[in-house]
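Please read the following note with the structure open beside it. The points are numbered so that each may be checked in turn.

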Amino acid sequence: MSSDTVINVSQLCKKFVSFKKEPGIVGSLKSFFVRNPIEKIAVNNFELKIKKGEIIGLLGPNGAGKTTLMKMFTGIVVPTSGELSILGYQPWQRDKQFRKKIALVMGQKSQLWWDIPAMDSFTLLQKYYEIPEDKFNERISHMSEILEVKDLLHIHVRKLSLGERMKLELMASLLHDPDVIFLDEPTIGLDLVAQENIRNFIKEYHARTGCTIIITSHYMADVQALCERLVLIMGGKKGFDGPIHEFEKVLGNEKTLSFSFSTEQNPEAEIWKNYYPEWDEKNRSVELRVPEEELRDLSMKVLQNLPVTDFATEKLPIERVMKTLMENPELLKERSND
Amino acid sequence: MTNFLKWWQTVKISWVKHTAYRLNFFLQIIGPSLVFFFVKYNLWTSIFEQSATKVIQGYTLDQMLSYHAWAFIISLVAQGHGSWNLSEDIRLGRISSYLIYPFNFWEFHTASFISFQGIQILIAGVTLLFFSYISIISSFSFEVLLTGFTFTLLVSIFWFLTQYFTGLLAFWLEETWILRVMLQIVSVFLSGAIIPLELYPEWFVKILNFTPFPYLSYYPIQIMMGRDVSLVSGVVIICSWIVGLIFINKFIWRRGLRLYTAAGM
């Protein structure tokens, strides 16, 4: 392992065993005597290397194994087999030094103590992580200023809104200046402004500290804004690993181009023929799939010859790629067979 | 020093948490014991009224009432703590946060237990003053009180570890509350909390003395009432159970964690 490799994963597997239970009281009684185990392979022969300072987006549909991976990375669950080393530690051994170097933020689960103000939780964490008083105060004032939560520090956490709480969760997990940060859906359930605030904060924090960040999210805007590299996991296996601009082209180098017109158009016209047009009911707007190299010429042609009122290329190409892959996972297999 | 600060801060936070919902706390912790005490008070008063003799197995009515008053006070300290949330935390995957902090799960729960005991001791103290004021509990010496209190604290550690044990079983079982209710009921009968152990067959009490049950209520009550009990054997037996439970808990925690799925994370 080279010195700047922070996360090293090789042939990692995790198998969960659960028991089948039929509904109702009879089902409960039955399952008490006869238990039918169901094995589920959540992560299968996973390989990954992450260098210091990278921000990785870990993507995949629900149940693909993202969260299981995060749980293994942070030492919460024990891998069934394979190798896993983070900062030179084996997470599942839960060495105290290891725990001091990582942080986990879970968008779906609060880590702050519900019945006390966030500041009390922070003070507790200061003791747990042995953060010197001056550093602690400096980080609190700096982060609370950027996140605009200065007034919320002394309010009971249960009385805060989801967005406010998320900001404080982020603060809580960054107080000890971790080397590796795991963010599991940090923007889930937040409004657009709050999402952007969180995103900007993470971006700024990363630029300032050079820490390594692994982020999972279903919002492609998060991924697009933060990550340089994407890792796709589907059915417990790695489907893609590479720079974000390559992911955009994983299904070919086509871009989506859309036009709106002031008058009705002829869908059968020659100009649309090669671009898989999808028209609206009134034939006044169209979406085309255009090879990247033809994008410029086609746009010019349409703009010059037709009454265009609006046109756009897609903002989030990875969203389309993600959606297509989720609906047709076999595309990924075909690609890897090529 | 840094370790002490971690513990101290956790104790302080837990104190705030315990007292955040005062009414709830009272209803959940003090309420049942108080109701139980009044039931026993009425029960024994009417038994003595119906009875031809004034003494039942060496207890007069006053002594019997004082026995149950002590039982109430001791139960506050010895058996007050229940790790109610522990199994739920495991089942719903809430222990994940504690697995990440550089402060262990057992340390967190033990600190929480310590702060809880702080509150319970305060309440027990007030109750003691009240009972002596209305003369249900007659005079006691400071020395006896100190011995009885220390023994009760030892018992409370045993009880905490037992609760912790049943809580940890949530790694395997979906619901553990039924286990805890069963344990509670068995311990109420076998600890002498309802009927003093003198009223049980002698051979049965002899066996019972090797189990932890008599030390939960009967033994500390006897100490507090200034009666003659073998303190050394009591301490040895309870300490053995404590050491045994520490090992068992450590073992099942390690085994359980391998099964932990952190549901919903």
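1. Two salt bridges are found across the interface of chain B and chain A; a salt bridge is a side-chain nitrogen of Lys or Arg within 4 Å of a carboxyl oxygen of Asp or Glu. One of them joins the side chains of Lys96(A) and Glu107(B), at 3.5 Å from N to O. Over all chains, a search of the whole structure finds 14 salt bridges. Among these is the pair Lys6(B) and Glu130(A), whose closest N and O atoms are 2.9 Å apart. Lys6(B) lies in helix α1 of chain B and Glu130(A) in the loop between α4 (118–128) and α5 (133–146) of chain A, so this pair joins two chains. Helices (H or I, at least four residues) and strands (E, at least two) are DSSP runs, numbered from the N terminus.

2. The model is predicted: local features need pLDDT of at least 70 and side-chain atom pairs count only at pLDDT 80 or more, whereas totals for chains, interfaces and linings use all residues. Residues are numbered from 1 along each chain as its sequence is written, chains are lettered from A and ligands numbered from 1 in the order in which they are written, and side-chain values use heavy atoms, with hydrogens and water left out.

3. How many residues does each chain bring to the contact? Chain B brings 31 residues and chain A brings 32 residues, contact meaning heavy atoms within 4.5 Å. The area buried between the two chains is about 3200 Å², and carbon and sulfur atoms give 63% of this. Buried area is the accessible area (1.4 Å probe) that two parts lose on being put together, summed over both.

4. Between chain B and chain A, eight residue pairs are in polar contact, both residues being at pLDDT 80 or more. A polar contact is a pair of N or O atoms within 3.5 Å; within protein, one must be able to donate a hydrogen and the other to accept it, and residues adjacent in sequence count only if both atoms are side-chain atoms. On the side of chain B that touches chain A, at least two residues each come from α1 (2–20), α5 (96–100), α6 (105–133) and α12 (231–259) of chain B. The most, nine residues, come from α1(B).

5. The whole structure holds three cavities of 30 Å³ or more. A cavity is a set of points, on a 1 Å grid over the protein atoms alone, where a 1.4 Å probe fits but cannot get out; lining residues have an atom within 4 Å of a point. Grid points are joined across faces, edges and corners, and a volume is the space filled by probe spheres set on the points. The largest cavity contains about 90 Å³ of space. Its lining includes Glu169(A), His176(A), Ile100(B) and Tyr101(B). Helix α6(A) provides the largest share of that lining, three residues.

6. The second largest pocket has a volume of about 1000 Å³; a pocket is an open set with protein on both sides within 12 Å along at least five of seven lines. Of its 35 lining residues, Asp115(A), Lys17(B), Asn85(B), Asp89(B) and Arg94(B) lie nearest its centre. The largest share of the lining, five residues, comes from α4(B).
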